[in-house]
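This report describes one protein model, beginning with a single residue and moving out to the whole chain. Please keep the structure open while reading.

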Amino acid sequence: MFPGTQRAEGETDEYLLHVTRCGIVALAGRPNAGKSTLLNRLVGEPLAIVSPKPQTTRVPVRGLVTDDTTQLIFVDPAGLMDPAYPLQKGMRRAALEAVHDADVVVHVHPLPEGPAPPLEELLGRRPATVILAYTKADVVPAERRPSLPDGSHVVSAVTGEGVSTLLSALRALIPEGPFLSDADDIGTQPQRFFVAEFVREAVFDALEEELPYSVAVEIDEFREAEDPVYIRAVLAVERDSQKGIVLGKGGRTIRAIGTAARERIAAFLGCRVYLDLWVTVWPRWRRDPAVLARLGLPLSPEHER
């Protein structure tokens with residue numbers, strides 16, 4: 001029987017075998033804590049953008065881990081920070097909503113930077129059920145690891161250390177209930193969402209310094225019935241001078257972005273892909289409430305004033 005489950009009178013072992021659990025697990029932490037890398041390891045697929053540059057996640061990414069009796073719906077939101085402008089305010093709002101809607105929160109913190117601060121310092125309040133997971137364990141030898149609070153998990157998304165133990169702990173904490181998605185699904189968001197994210201990941205890899213943060217990606221057309229699948233994506237920057245940098249001399253940079261993104265998208269979709277990239281200018285889009293809402297990051301009314 002699962003923890004907290006009581007056998008009703010006349011209940012059989014056959015019935016108990018069909019009890020399922022399903023719950024939302026939010027990964028919460030500061031920027032660059034390793035949440036997206038951990039999500040990818042947990043799900044077994046590279047769903048979330050991974051980059052040495054911090055704060056690459058904008059809209060929360062959702063991935064699924066399902067076995068015979070449990071379904072974990074992982075949510076990887078933006079890192080929790082003090083926002084400086086409307087885009088970051090929308091990211092923080094979406095992150096807080098994801099955490100507050102979760103059945104369990106995994107407080108993710110890098111082991112080399114331990115101990116972790118209290119989660120309420122990042123959230124404003126403490127969720128009901130929290131597990132502390134120290135990431136990046138592969139860079140700290142066992143003999144140099146600090147003493148950690150009871151119940152903490154030490155994990156490495158690179159080597160897989162501690163991941164199965166963390167999954168077991170989470171399965172025991174989520175509530176009973178039916179699965180919310182098909183058992184074979186790995187994510188809950190549409191293909192267009194992940195395609196745009198893979199293009200954005202290629203942008204972060206190809207461009208230097210602050211420019212990637214000024215690039216938005218929107219899928220303008222997606223023809224699944226064609227072979228190869230035709231995808232037209234718009235890369236939006238804030239100024240004309242940025243447009244030239246994204247294109248590169250003789251179109252060199254945009255071709256590199258397209259090549260890298262196309263390989264990721266083709267592997268994800270399992271088919272051939274024709275990726276058509278266009279670069280345009282959306283002036284000050286990171287401060288435009290209408291654009292942010294279209295990208296999935298609506299502002300709260302007080303932020304729109």
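W278 counts as exposed because its relative accessibility is 51%; exposed means over 50% relative accessible area, buried under 20%, and partly exposed in between, with a 1.4 Å probe and protein chains only. The model is a predicted one, in which local features need pLDDT of at least 70 and side-chain atom pairs count only at pLDDT 80 or more, while totals for chains, interfaces and linings use all residues. Residues are numbered from 1 along each chain as its sequence is written, and side-chain values use heavy atoms, with hydrogens and water left out.

W278 belongs to strand β9 (residues 273-281). Helices (H or I, at least four residues) and strands (E, at least two) are DSSP runs, numbered from the N terminus. Not counting residues up to four places away in sequence, W278 touches R232, A233, V234 and L235; contact means heavy atoms within 4.5 Å. The C-alpha atoms of W278 and V217 are separated by 9.8 Å, and the two residues are 61 apart along the chain.

L235 is also one of the residues with the most contacts inside the largest nonpolar core, along with F74, L170, I231, V246 and I265. That core has 68 residues, and helix α6 (residues 191-206) gives the most to it, with eight. A nonpolar core is a set of buried Ala, Val, Leu, Ile, Met, Phe, Trp, Tyr and Cys residues joined through side-chain atoms within 4.5 Å. Leaving aside neighbours within four places in sequence, the contacts of V246 include L207, L211, V215, L235 and V279.

Helix α2 (residues 35-43) is mostly covered, with seven of its nine residues buried. These are K35, S36, L38, L39, N40, L42 and V43. Their cover includes strands β1 (21-28) and β2 (61-66), as well as helix α5 (163-173). G44 follows α2 and has a positive phi, near 85°.

Overall values for the protein are as follows.

| Property | Value |
|---|---|
| Helices and strands | 10 helices and nine strands |
| C-alpha span along principal axes | about 70 × 45 × 45 Å |
| Buried residues | 49% of 305 residues |
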